[in-house]
Amino acid sequence: MYDKVVYQIYPKSFKDTNGDGFGDIKGIIEKLDYLSWLGVDYLWLTPMYLSPENDNGYDISNYKQINPQYGSMEDLEELIKQADKLNIGIMMDMVFNHTSSEHPWFKQALAGDKYYQDYYIFKDEPTNWESKFGGSAWEYIENLDKYYLHLFDKSQPDLNWDNPQVREEVKNIILFWKEKGIKGFRFDVINLISKPDVFRDDNEGDGRRYYTDGPHVHDYIKEIVNDTGIEDCITVGEMSSTSLDNCIKYSGSKTKELAMCFNFHHLKIDYPNNQKWVLAKPDLKQMKFLFKYWQEGMQAGDAWSALFWCNHDQPRIVSRLGDEGKYWMESAKMLATYIHFLRGTPYIYQGEEIGMTNAHFKSIDQYRDVESLNMYQLLDKNEDRLNILGERSRDNSRTPMQWDTKIRKSWIEINPNCKNINVENQIHNEDSILNYYRKLIKLRKTYPIIAKGNVEFIDTKDDELVIYKRFLDDDVLICFYNFSDKNLEFDCDLNYFFGNYISAPSNFLRPYECAIYSKGIY
Ligand code: TEU
Ligand code: CA
């Protein structure tokens, strides 16, 4: 696992082979050679199960059926087979905190079936908790005179994990996919599944303190993993608003929970007071603190991190922390190096490897994401709502993968900058961002210090200069990163090993330069 790299595919926007405007499984099969050439080991596929698609597939109505929009079960079985021939494992997305309100279980619950009502969380009275998509986390059902909990959209009722039958259903679904040859599982917001015994109002927040890293979460994860035997697969948990102590348990080498976990604290450095929908500059001082805290903390806890900047819920990192203009290429490469030289397993989100940028939509009609559309209605009409969505919307990462310069029919508009930013004009260019990612992956597989070395962050007075060390036996790497468009002074007397400029720096780092120095490697 140490030298593996995961590539995340958002199938709806990856490759459309039948011209209906939606990416499909046949499109992923068509691009397996590209992914093999890039050098990735696993493909994390976001959900393609049957779903009304209110939350782009994270609202599942049948966990064992493929949404025909993507193709057939035979297509998926073919993908697993073809990927296996290229030593690429398929990782499926397991969304078990909630189902779709269209799931038969929930329909039976609404029809009054007490057995299935206990699959969900129905209460006579709601708490004041808020949904992560805005509004209340409870929806009233008149004919039952009850409220049900939905931490996300009202079309995503939360499952009751305290019900052992629910846990059996979850195991059954995991085994169904494991038997099909799935080699990895990503567990969606898995640290939210254990709710409190008593539901009470939260007078200091939105309620997350009561259900995040809940009372039985570790027991339930251990039970699921143990009873399905997936410790031999690659498993990763998405941990929402979690803590280091809990992540050491979730992904500790001996805790028998998951292989690794995502946390998101480093992606809230531009959320003032943790408010996603208020714009602010990224706080690089906070970023440095967080990476030091988490990298050194997870190391001390013998636990393993999933490393990432981008995914289908985040804006594009080159727009967020890099530069779309003069230093587009340098900043994209610097940001990639920063992640790929850290301790953990790197995740590449589709399009990140060619420096894809935010969408820069000009009208609300271009948006598709339920969270963004909800927030557009909830934000103050006097606010520059389109500017806020332009920076924050999850749709920024969901525009179609830019394979070439063509503008094709699609469920969401392709970024017109596909004219300049695409796979076709980078794949044969040795200096492209794409070929740089390919080099980073090769380096991780060539030098054990990158995959297995210890990590230590070095304090710097300049917030825009980040330095960390990697060390393994007598080998040392010192990694310098300039997160600004200015020259930054630095010095190092080791051997220049790798960087994102053609030549080694002199006594200052150039704009968005990363420079890796080594001792003992060669
Ligand atoms: O994301 C959960 C999550 O924490 C983020 O979605 C975040 O809360 C949200 O983007 C609001 O800022 C997972 C999936 O990755 C996401 O796509 C789903 O919408 C969500 O769970 C519900 O399944
Ligand atoms: Ca299609």
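Asp24 counts as buried because its relative accessibility is 4%, buried meaning under 20% relative accessible area with a 1.4 Å probe and protein chains only. The model is predicted, so local features need pLDDT of at least 70 and side-chain atom pairs count only at pLDDT 80 or more, while totals for chains, interfaces and linings use all residues. Residues are numbered from 1 along each chain as its sequence is written, chains are lettered from A and ligands numbered from 1 in the order written, and side-chain values use heavy atoms, without hydrogens and water.

**Calcium ion**
- Asp24 (OD) coordinates the calcium ion (ligand 2) together with Asp16 (OD), Asn18 (OD1), Asp20 (OD) and Phe22 (O), at 2.2 to 2.4 Å; donors are N, O and S atoms within 3.2 Å for Ca.
- Along the chain, these donors follow the spacing D-x1-N-x1-D-x1-F-x1-D.

**Ligand 1**
- Among the 18 residues around ligand 1, the nearest are Asp55, Asp188, Asp313, Glu371 and Arg394, where around means having a heavy atom within 4 Å.
- The shell comprises four nonpolar, four polar and 10 charged residues, with Asp, Glu, Lys and Arg counted as charged.
- An oxygen atom of ligand 1 lies 2.5 Å from a polar side-chain atom of Asp55.
- For His98, a polar side-chain atom lies 2.9 Å from an oxygen atom of ligand 1.

Key:
Polar contact = N/O pair within 3.5 Å; in protein donor to acceptor, adjacent residues only side chain to side chain. Donors = N, O, S within 2.8 Å, 3.2 Å for Na, K, Ca; no water. Buried < 20%, exposed > 50% of the residue type's maximum accessible area, 1.4 Å probe, protein only.
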